[in-house]
Amino acid sequence: MSELSNATRPTSAPKRQPLTSRRYALEIRQQMAWHWQALILAVSLIFGLGISAAILIAAGVPGGELLDEFVILTLFDAQSLRAVLFQAAPIVMVGIAGCLAFRARFWNLGLEGQMIWGGIAATAISLFEVGPESTRLALMFVAATLAGLAWALAPVLLKLNLKVNEIISTLMLNYIAANFLLHLVYGAWKDPKDSFPYSPQYRAFERLPEMFDGYSMAIPLAVLVALFAWWFVGVCRAGLYLRFVDANPRVADAVGVPVRKVIVGTVLLSGGLAGIAGFVVAAGQEGRLTQAFYQGYGFSGILIAFLARNNPLAATIVALLVATLFVAGRNLQVFYQIPFSMVQLIQALIVICVASSDFFIRHRIRRIAGRES
Amino acid sequence: MPNALQLTGVSKSFDGFKALSDASFTVKWGEVHALLGENGAGKSSLMNIAAGLYAPETGELLIDDNKVQLKGPADAARERIGMVHQHFKLVKPFSVAENILLGLPRSDGSHRKRLRETERLIAEKAEQIGFSIDPKKTVADLSIAEQQRVEILKVLLAGAKILILDEPTAVLTDQEGERLLSTVQGLARQGAAVILVTHRMADVKRFADRVTVMRGGRTVETLDPQQVSIADLVKLTVGESLPAPAHARSEPGPALLSVRGLKSPEIGGRRILDGIDLSLRGGEIYGIAGVGGNGQSELANVLMGLPEPSEGEIALEGFGDLRTADMDQRRDLRIAAIPADRYGLALAGGLSIAENFAIGQVHSGRYGPFWLLREGRAREETQAAVERFDVQGVRNVRQKAALLSGGNAQKLVIAREFSREPRIVLAHSPSRGLDVRAGAAVHQRLLAARDSGAAVLLISEDLDEVLALADRIGVMSAGKIVAEFERPADRQAIGKAMVDHV
């Protein structure tokens with residue numbers, strides 16, 4: 001075939017190869033230096049922001065003010081920065097909770113359920129006035145951690161002992177937790193003051209205090225969680241075990257990694273961190289147990305873990321980005337009457353762009369000889 | 001009878017290991033031609049070349065006396081060559097007809113219509129050659145023997161007239177095997193050319209019209225099986241007895257590990273391990289010879305502490321039942337394991353060389369307490385071990401273990417497992433896939449371990465390896481140790497024990 005077409009072609013072949021006959025090969029990269037990875041990530045982020053800007057301008061936001069609004073106002077204004085960091089704190093926690101569970105090859109989709117139980121446990125301590133005032137907040141923290149951890153216990157045991165798929169069990173347990181929460185806030189725990197479906201407000205000493213300059217205690221707590229997770233996966237021996245479990249559970253078992261203990265421990269940790277996130281939202285942001293305080297966090301946590309490739313420090317950065325988008329979106333809504341659905345659209349766009357950069361990090365596109373060359 | 005397929009002067013090497021050298025083979029139309037040889041003799045490599053899976057480095061392939069070049073299995077199918085592999089290549093959740101349709105060239109009509117047509121063809125063909133098979137059944141629900149029939153129907157319906165069967169009876173019971181071989185013989189009588197890759201002398205005697213013996217990558221001789229005794233065939237397959245290499249026998253110590261009546265649970269009237277008795281003594285290498293698939297992998301799994309159901313006794317001197325020991329205890333007992341599946345059981349390819357080395361002793365706190373892993377120290381020790389055990393191709397101990405070649409990966413496993421003077425060494429096919437030099441290095445390590453008083457169990461399908469290293473040899477067949485030999489062992493006698501009990 002190709003010989004035939006060659007014969008009929010004019011003798012003065014064009015120098016440039018026609019676009020349609022060029023061929024490319026897709027190869028899997030072995031490794032990539034981290035700064036190249038960072039560059040690819042940055043480019044895809046900018047690409048996503050570019051599309052978002054175009055959409056916003058089309059929706060009537062003046063182009064010049066966009067940069068102002070998005071970057072300057074969100075990150076360089078003290079008030080907004082506080083809001084971003086404050087918003088980021090629970091997101092960091094669920095993101096890291098996702099990272100840890102996924103590293104143990106456990107698809108914890110129950111982050112929201114574990115958060116709910118964290119919130120419920122903390123509220124119970126407040127409601128029943130357990131312990132003296134000075135230790136009340138610490139008790140609430142501990143109770144939230146334990147409750148989140150306990151809610152993750154059943155799925156991991158079911159998976160290890162009976163091979164019950166954790167994707168289903170954790171996801172379904174979310175609904176149980178959510179409906180139990182509704183049962184409480186519409187029933188026994190309804191605020192007697194105004195009969196709205198939320199718990200009575202926490203007392204002042206039951207709320208996360210502001211540290212200095214209006215920065216909430218939630219922020220150092222999130223930093224501590226990030227440091228702890230970094231230590232857990234990167235510094236201590238369990239981190240090495242976890243890498244083996246993640247890389248190949250059969251090898252891990254054969255070389256003497258206590259696979260079962262590692263998986264159970266890590267998943268419980270994941271549940272505990274989600275519980276703490278529930279506590280932070282309840283005691284930091286809302287100041288009470290509300291019926292929808294957890295919504296969206298489970299999805300964010302999974303997304304962050306995926307984008308950060310289960311690295312806790314990267315997850316912290318991604319969580320900050322997500323929080324920035326969230327706060328900037330809120331500002332856009334307020335100042336430009338941009339509908340909430342468009343804010344969601346922009347957030348989704350940016351996430352897709354960052355997620356697809358993964359493809360370029362893992363693959364290389366190489367031009368190979370054309371068909372007719 | 002005219003020649004169907006002819007291979008002349010074929011050579012092929014993998015990673016410097018010469019799998020085939022100057023092999024020649026001819027099968028004629030209308031005959032069953034057996035290809036006989038030990039594991040690693042090059043039978044499968046040669047047949048993979050005939051089936052277009054590998055390209056030969058030298059030599060020619062002739063079909064009907066015309067030279068052809070196969071660029072892949074699709075080319076081979078066009079030349080009407082069909083191969084039934086030892087490990088079936090079927091899509092388990094698909095029905096029989098769907099699996100076969102996958103292998104057929106694309107034709108017109110809707111999928112549903114083509115599926116109906118295929119079902120009809122299957123029923124017709126099955127009827128014709130005397131198979132009973134339901135084309136609508138899901139492959140996962142079929143027995144091994146039925147799956148094999150599907151494989152055979154698949155190549156026949158794709159139009160194959162030259163049929164290559166790689167160890168077809170290895171997975172079958174005696175009766176099933178007999179039925180299959182008589183069917184295949186029938187195909188040859190109708191004019192097809194059948195190549196039967198096997199190591200079973202009895203099958204060769206009963207069903208083959210001619211036999212070509214392979215040894216060490218060469219085709220040794222082509223004979224009429226009726227004119228030659230089984231003893232002579234064995235002799236041709238395993239080669240002349242070589243004088244035993246220098247192998248100073250050390251005085252064996254007391255029994256360290258005794259296995260009594262080790263059985264696996266009964267499945268379908270068969271036990272994979274069917275009453276193993278053996279004892280390992282310090283300062284001695286106990287070799288287990290045998291044709292692959294006679295329970296060696298299961299025995300290795302049980303002894304290495306991998307999940308494998310078993311009953312019977314495995315008593316470790318001074319400890320008790322070895323199966324109750326967890327991996328930590330096994331390390332403390334200084335039991336070293338070199339599994340056959342390097343990247344499936346010994347090394348995590350995605351992790352670094354240092355991590356793969358350090359995991360061996362990290363439990364003992366050698367690289368810092370639980371809360372602090374001293375990676376620097378682990379890397380230093382890995383570097384030292386890499387040098388001591390001559391692991392090559394390591395630019396940096398932080399590089400991925402998957403980047404090591406087979407031989408060097410094995411050396412890394414040994415470096416880790418031998419880093420604490422082992423008392424018991426369990427090695428399964430330790431030099432499989434390695435070139436001669438790397439294999440020899442592995443053998444040196446096993447001998448050195450023995451000389452320092454360890455009890456070494458060497459499970460290998462490579463008879464040369466067992467003969468070169470073992471002080472005592474047990475022959476494993478159908479889940480039992482059927483014969484034991486003391487060094488110097490008679491190669492022919494072992495070869496006979498390996499095949500007689502199959």
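How many salt bridges does the rule find across the interface of chain B and chain A? It finds 1, a salt bridge being a side-chain nitrogen of Lys or Arg within 4 Å of a carboxyl oxygen of Asp or Glu.

This is a predicted model, where local features need pLDDT of at least 70, side-chain atom pairs count only at pLDDT 80 or more, and totals for chains, interfaces and linings use all residues. Residues are numbered from 1 along each chain, chains are lettered from A in the order written, and side-chain values use heavy atoms, without hydrogens or water.

**Stop 1: the interface.** Select Arg243(A) and Glu355(B). They form a salt bridge, with the closest N and O atoms 2.4 Å apart. Now show both sides. Here 29 residues of chain B are in contact (heavy atoms within 4.5 Å) with 21 residues of chain A. Next, pick Ile359(B), Phe370(B) and Leu373(B). Together they supply 25% of the area that chain B buries against chain A, more than any other three residues. Buried area is the accessible area (1.4 Å probe) that two parts lose on being put together, summed over both. Between chain B and chain A it is about 2,200 Å².

**Stop 2: the sheet.** Move to chain B. Its 6 strands form an open sheet in the order S16-S17-S18-S13-S19-S20, with mixed pairing. Strands are DSSP runs (E, at least two residues), and helices are runs of H or I, at least four; two strands pair if DSSP finds at least two bridges between them. Select 335-338 and 480-486: these are the edge strands, S16 and S20. Then find Ala337(B). Its bridge partner in S17(B) is Leu426(B).

**Stop 3: the helix.** Select 296-304 of chain B. This is helix H9, which packs on the sheet and touches strands including S13 and S18.

Note on methods:
Axes are lines fitted to C-alpha atoms, for helices over the stretch in contact, and angles run from 0 to 180 degrees between N-to-C directions.
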